[in-house]
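Good morning, and thank you for letting me take a few minutes. Please have a look at the model on the screen before I go on.

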Amino acid sequence: MVSIVLEVTCSFVAWLFLYICFCCWNKRCSYEWSCRLVTLLHGVIVTCLSGHVALLDGPWPLTHAGSPNTSLQIHVLSLTLGYFIFDLGWCLYFQTEGYLMLFHHTLSICGMIMVLGLGKSATEVNAVVFVSEITNPLLQTRWFLREMGCYHTFLGEVVDFFFVFLFLVLRIGGGALIMYAMVTSPDPSWLLKAGGLAMYVVSLGFMVEICRFAKRKILKKYHSWTSLRNMNAPVKTNGHSTAH
């Protein structure tokens, strides 16, 4: 357990040090810019690591919920836990996030601490990390595109599409399968099951916000398309059609 605490502490210090380096290198940019660079890097690294653990290294989370933690699972969760502690502290200090995101971070931290302390159930928690973090690089890319004035481009459309698609398919759909496997398995702790359900409810809250965003964007595109169509439609004059 001492080694895990040391590993989490080193992870926190490493993410904090990386943030300070980004702040020094990007003095003309805001603190949020540097923090989101750290978030982007964490999202890419942890998505690759947790995906490797869940899909290749195993055990399979849908059939082995509550199984003992492997060394690789411990390393991935320790790395992620250190980041979430850093990010929660940053969000509280700068007060940039709402209650839903703060609740999400708190649940994530408590869940990973519990799993690392119990020595089991890292299989399903690692899978939750994978389906949750896979959309994070896209979310950060979207923010950077907006800051650089490149959001309203084809690249911005592609990023938005894949963000919404992956969120609904993996985080909501895949998350539901993971939650079902966790709840129906007798091995995971009941407290971990309750925390997992609470985390899924938070994801549903994010889904509502994303669906509202997607609806607004689709309606805006539709209105733009109909306006352009009406402008290009031929106008009848004395029984004859003439173009604008």
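By class, the lining of the largest pocket holds 14 nonpolar, nine polar and 10 charged residues, where Ala, Val, Leu, Ile, Met, Phe, Trp, Tyr, Cys and Pro count as nonpolar, Asp, Glu, Lys and Arg as charged, and the others, Gly among them, as polar. A pocket here, on a 1 Å grid over the protein atoms alone, is an open set of points where a 1.4 Å probe fits, with protein on both sides within 12 Å along at least five of seven lines, and lining residues have an atom within 4 Å of a point.

This is a predicted model, in which local features need pLDDT of at least 70, side-chain atom pairs count only at pLDDT 80 or more, and totals for chains, interfaces and linings use all residues. Residues are numbered from 1 along each chain as its sequence is written, and side-chain values use heavy atoms, with hydrogens and water left out.

Of the 33 residues lining the largest pocket, the closest to its centre include Arg-36 and Glu-97. Turning to the second largest pocket, its lining divides into 13 nonpolar, seven polar and one charged residue, and among those closest to its centre are Leu-107 and Met-199.

How high is the mean pLDDT of the protein? The mean is 88, with 93% of residues reaching 70 or more, pLDDT being the predictor's confidence in each residue, from 0 to 100. Over residues 240-244, however, pLDDT stays under 50. Where pLDDT is low, the predicted coordinates should not be read in detail.

Key
Contact means heavy atoms within 4.5 Å.
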